[in-house]
Amino acid sequence: MEAVLIHLRGAIERGEYAIGDKLPSEAELCRRLDVSRPVLREALRALQAMGLTQSRTGKGTFVIASSVEDPTFGDFTASDLLEVRRHVEIPVAGYAALRRGPENLDHLAHLLERMERETDTTAWVAMDTLFHLAIAEAAQNPVFRRVIEEIRDALARQSAFLNELGGRREQSNREHRAIVEALVDGSEHDAVEAMSHHLDRVETTLTDIVRPPRTDSSTEGGPEA
């Protein structure tokens, strides 16, 4: 999928597909690139999340930008989402460390164990959003949970994007465990530091994905079979 994405993104950024152009049909792209339709569709979803294309029902996929600036997840851009997460989730982690009850810790420990065993990305992403909701619940303030609920779809889309293109799952599991350990210890400072580190890594991975890919002879002619 990454090879297909790099190829299509490169073609758009080189101007082979200009703004307003319609990409070839899925069947044609599968034939040209020698890939399955599920692989192609993953790459097309990633292009759309990057803000390069837009899918129009019954009409196809159209180029809407010539370069990646700020990926969009649902109703929110990555930069807007991260800004809000820093202002909400970091202090929430601190409150959770001070206010969590035994049931909150049990729930988080159970979620963490399931996430560390999970191999299916879709299932893991669903639990990832539940994990962040559980942190908000542990802060014992219903407004925090409502805020996370409001951005839950965007969080899931971002999580899937980072896992598909940035291989974030194992690293994220380690970061989640550090957050839970801080909550178990009741350390506001450690919880804040652990959540800050987690969001720093999210931002770094996003930046690495958005940075223009290196092109070479293997990508210019399409992905290898």
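**Entry 1: Glu26 and Arg37**

I looked up the contact between Glu26 and Arg37 and found a salt bridge between their side chains, with N to O at 3.7 Å. The model is predicted, and I read the distance as a computed value. The pair links distant parts of the chain, with Glu26 in helix α2 (residues 26-33) and Arg37 in helix α3 (residues 37-49), 11 residues apart. I checked the cover of each partner. Glu26 has a relative accessible area of 26%, so I noted Glu26 as partly exposed. Arg37 is also noted as partly exposed, at 36% relative accessibility.

**Entry 2: other salt bridges**

I searched the whole structure for salt bridges and got 15. I then picked out Asp200 and Arg86, whose closest N and O atoms are 2.9 Å apart. Asp200 is partly exposed at a relative accessible area of 34%, and Arg86 is partly exposed at 23%.

Next I took Arg145 and Glu149, a salt bridge with the closest N and O atoms 2.9 Å apart. Both residues lie in helix α7, four residues apart, which is about one turn of the helix. Arg145 counts as partly exposed at 28% relative accessibility, and Glu149 counts as partly exposed at 30%. Which residues are linked with Arg145 and Glu149 in a network of salt bridges? I found Glu137 and Arg152 in that network.

**Entry 3: aromatic pairs**

I ran a search of the whole structure for aromatic pairs and found two. One of them is Phe73 with Phe161, edge-to-face, 5.2 Å centre to centre and with 65° between the planes. Phe73 sits in strand β3 (residues 72-73) and Phe161 in helix α8 (residues 152-166), so the pair ties together parts 88 residues apart in sequence. I noted both Phe73 and Phe161 as buried.

The rings of Tyr95 and Phe144 have centres 5.8 Å apart and planes at 25°, so I logged the pair as stacked; the cut-off for stacked is under 30 degrees. Tyr95 is in helix α4 (residues 78-99) and Phe144 in helix α7 (residues 142-150), so this pair ties together parts 49 residues apart in sequence. Is Phe144 buried or exposed? I have Phe144 as buried, because its relative accessible area is 18% and the cut-off for buried is under 20%. Tyr95, at 32%, is partly exposed.

**Entry 4: negative patch**

I looked at charge on the surface and found Glu181, Asp185, Asp190 and Glu193 gathered in a patch of negative charge. Helices α9 (169-185) and α10 (188-210) each supply at least two residues of this patch. I checked Asp185, which is found in helix α9. Asp185 is exposed, with a relative accessible area of 59%.

**Entry 5: His198**

I located His198 in helix α10. His198 is buried, with a relative accessible area of 2%. I also took the separation of His198 and Thr77, which are 121 residues apart in sequence and 19 Å apart in space, C-alpha to C-alpha.

**Entry 6: the whole chain**

The secondary structure of the chain comes to 11 helices and four strands. I count 44% of the 225 residues as buried. Along the principal axes, the C-alpha atoms fill a box of roughly 55 × 30 × 30 Å.

Key:
Residues numbered from 1 in each chain as written. Predicted model: local features only at pLDDT ≥ 70, side-chain atom pairs only at ≥ 80, totals over all residues. Heavy atoms only, no water. Patch = residues over 30% accessible without salt bridge, like charges linked within 9 Å, V, L, I, M, F, W, Y side chains within 5 Å. Areas by Shrake-Rupley, 256 points an atom, 1.4 Å probe, with all protein chains shown as cover. Salt bridge = Lys/Arg side-chain N within 4 Å of Asp/Glu carboxyl O. Lys, Arg positive; Asp, Glu negative; His and termini not counted. Charge placed at Lys NZ, Arg CZ, Asp CG, Glu CD. Buried < 20%, exposed > 50% of the residue type's maximum accessible area, 1.4 Å probe, protein only. Phe/Tyr/Trp six-rings, centres within 6.5 Å; stacked < 30°, edge-to-face > 60°.
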